Amino acid sequence: MKTFLFLDDWMLDSHRDIVRRFPQPKQIPAAPVTEMYNYATVIRDPERGCYRSWYNRFFTVEGRTLAAKCLAESEDGFHWKPVVVAKPVDRLGHLRSNLVFSGHTSGGEGTLMCDPRDPDPERRYKLTYSDRLGPGPEQLRESSESPASDRSLGLTAYSPDGIHWRIDDDHPFYTVPGGCDTLIMPLFNPVTERYQVVVRPSVLDRRIAIVESPDFLNWTQPLTVLTPDPLDEPCLQFYGMPWFYYEDLFIGLLWDHHISQDELMGGAKWSGVIDCELAYSYNGVHWNRTNRQPFIGRTEPGTYGCGSVYSHSLLIDEDDRIRIYSAGLLTDHSIEEPPKGFESIGAMIVHQLRKDGFAYLEPRAGWGTVTMRSVKPRSGEITINFRAPLGRVLVQISDPNRKPIPGYSFEDCIPLTGDELAARPRWKERKDASKLIGEHVRLEFKLFQAELYAVRWDVQPWYGDLPIERI
């Protein structure tokens with residue numbers, strides 16, 4: 001492993017007078033984009049030197065409301081311009097100049113991924129979406145039909161450029177009756193070396209499940225990986241979970257649906273507000289939750305996001321900061337019309353977070369100490385993400401019995417101060433840890449008025465006599 005965040009104590013052996021904090025991202029004061037609030041996928045494309053956003057728009061064709069994907073681009077990720085398509089790309093192309101995809105009957109719920117690892121350039125972009133062939137949940141609310149009557153399928157599509165798409169009807173990734181009406185997000189998992197899509201166990205079963213495939217063609221049945229538990233508020237539901245590979249682990253933006261217990265519905269609760277909780281996983285299959293508090297919370301009353309917040313995209317911007325895009329709604333889940341005086345029920349809003357800023361360790365008071373587990377280094381280069389404008393960080397390398405290795409003690413360390421994302425610890429007689437490659441060692445910290453966010457060091461975790469790369 002190379003990156004260690006401090007979301008939990010897994011790689012820590014001990015800590016004294018230390019507390020863990022989970023900071024909330026700060027909303028960037030940019031104008032909300034009402035055009036692009038619905039189930040967008042935002043990526044930063046270094047090849048084009050811009051940000052790209054595929055988002056849903058709804059159209060009425062022959063008396064039926066259909067969802068389709070439109071594409072916009074931006075130099076800074078805040079000010080967007082439609083990508084004008086030269087020719088209509090499908091039967092809805094005449095309705096909007098930047099429409100790039102619609103399914104057979106719907107192209108709504110679903111998102112896409114850029115997959116540079118695929119050797120076939122025609123499959124560089126991969127889309128997973130729900131194509132309804134029967135009544136959707138909005139019709140089921142008003143009828144006695146069961147979800148099984150909805151012949152929805154989870155289908156895939158491919159594109160070389162994100163504009164021109166080919167639907168694959170022969171390899172549905174989701175065949176559970178009723179389809180899936182939440183955000184459907186594909187990702188390649190480098191740990192399991194399989195593609196995964198986050199779905200639900202069934203359309204109205206609001207828990208988190210995954211389906212997997214070795215080739216984006218042959219798929220497993222849904223496996224439930226996150227369920228509300230007794231520590232949660234009464235009757236909490238998980239509406240969906242966009243997820244992202246962040247170096248050596250996976251980050252999930254878990255949508256918590258806070259429901260009304262007085263509402264009586266046959267299949268699911270429709271009223272209630274939604275916010276975003278932070279989740280994480282070391283292998284993309286087994287998931288953990290953090291402090292069960294809103295990570296991206298609802299905004300001030302009367303602003304976009306005061307009703308519900310659906311965070312959908314996470315990326316690293318050009319300044320090496322985490323940027324999170326969300327659909328901010330003015331209403332709760334059950335209301336489909338904007339309040340009086342507003343042109344749209346929702347808008348895309350943006351939050352920002354320090355790199356690695358999902359969690360950090362800091363002293364409770366005075367000096368705090370942190371000792372990591374024993375590891376076997378494969379590299380001598382260590383970098384530390386910390387903030388201590390008025391404090392200090394000291395770094396020590398010790399043997400498995402916590403005896404300081406000569407030349408790498410706290411007394412030998414040149415104190416780190418300031419605010420750095422990748423500071424290299426130095427000692428009086430040592431510039432790095434290259435002399436310790438292949439040895440069993442521990443990394444230790446002393447913190448004073450400091451926040452410790454991450455350590456990057458190419459090492460093999462060591463458990464007793466056997467090295468285990470990852471559990």
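The model is predicted, so to speak of local features pLDDT has to be at least 70, side-chain atom pairs count only at pLDDT 80 or more, and totals for chains, interfaces and linings use all residues. Residues are numbered from 1 along each chain as its sequence is written, and side-chain values use heavy atoms, with hydrogens and water left out.

**Cavities**

- Rolling a probe the size of a water molecule over the atoms shows where empty space is left.
- A cavity here is a set of points, on a 1 Å grid over the protein atoms alone, where a 1.4 Å probe fits but cannot get out, and lining residues have an atom within 4 Å of a point.
- Volumes are the space filled by probe spheres set on the points, with grid points joined across faces, edges and corners.
- The count is three cavities of 30 Å³ or more.
- The largest cavity comes in at about 130 Å³, and 14 residues line it, with Thr3, Phe4, Leu5, Trp10 and Tyr282 nearest its centre.
- Strand β1 (residues 3-5) provides the largest share of that lining, three residues; strands (E, at least two residues) are DSSP runs, numbered from the N terminus.
- By class, the lining of the largest cavity has 11 nonpolar, one polar and two charged residues, where Ala, Val, Leu, Ile, Met, Phe, Trp, Tyr, Cys and Pro count as nonpolar, Asp, Glu, Lys and Arg as charged, and the others, Gly among them, as polar.
- The second largest cavity has a volume of about 70 Å³, and among its 13 lining residues Ala30, Ala31, Met348, Ile349 and Val350 are the closest to its centre.
- Strand β25 (residues 346-353) gives the most to the lining of the second largest cavity, three residues, and the classes there are 11 nonpolar, two polar and no charged.

**The second largest pocket**

- A pocket is an open set of points with protein on both sides within 12 Å along at least five of seven lines.
- The second largest pocket has a volume of about 790 Å³, and of its 27 lining residues, Ile43, Cys114, Leu187, Tyr245 and Leu314 sit closest to the centre.
- At least two lining residues come from each of β5 (41-45), β10 (110-114), β14 (185-189), β19 (243-246) and β23.
- The lining of this pocket splits into 18 nonpolar, three polar and six charged residues.

**A four-stranded sheet**

- β4, β25, β24 and β23 form an open sheet in the order β4-β25-β24-β23, with antiparallel pairing; two strands pair if DSSP finds at least two bridges between them.
- The edges belong to β4 (26-27) and β23 (308-316), each with a single partner strand, so one side of each has no neighbour in the sheet.
- β4 and β25 run antiparallel and are joined by two bridges, and Gln27 stands opposite His351 in β25.

**Salt bridges**

- The whole structure has 29 salt bridges, each being a side-chain nitrogen of Lys or Arg within 4 Å of a carboxyl oxygen of Asp or Glu.
- Glu73 bridges to Arg52, with the closest N and O atoms 3.1 Å apart; Glu73 is in strand β7 (residues 64-74) and Arg52 in strand β6 (residues 50-61), so the pair ties together parts 21 residues apart in sequence.
- Arg52 is buried at 1% relative accessibility, while Glu73 is partly exposed at 24%; buried means under 20% relative accessible area, exposed over 50%, and partly exposed in between (1.4 Å probe, protein chains only).
- Asp419 pairs with Arg354, and their closest N and O atoms are 2.7 Å apart; with Asp419 in strand β30 (residues 416-423) and Arg354 in the loop between β25 and β26 (360-363), the pair ties together parts 65 residues apart in sequence.
- Asp419 is partly exposed at 43%, and Arg354 is buried at 18%.

**Leu223**

- Leu223 lies in strand β17 (residues 223-226) and is partly exposed, with a relative accessible area of 44%.
- Beyond its neighbours within four places in sequence, Leu223 is in contact (heavy atoms within 4.5 Å) with Ile208, Ala209, Ile210 and Val285.
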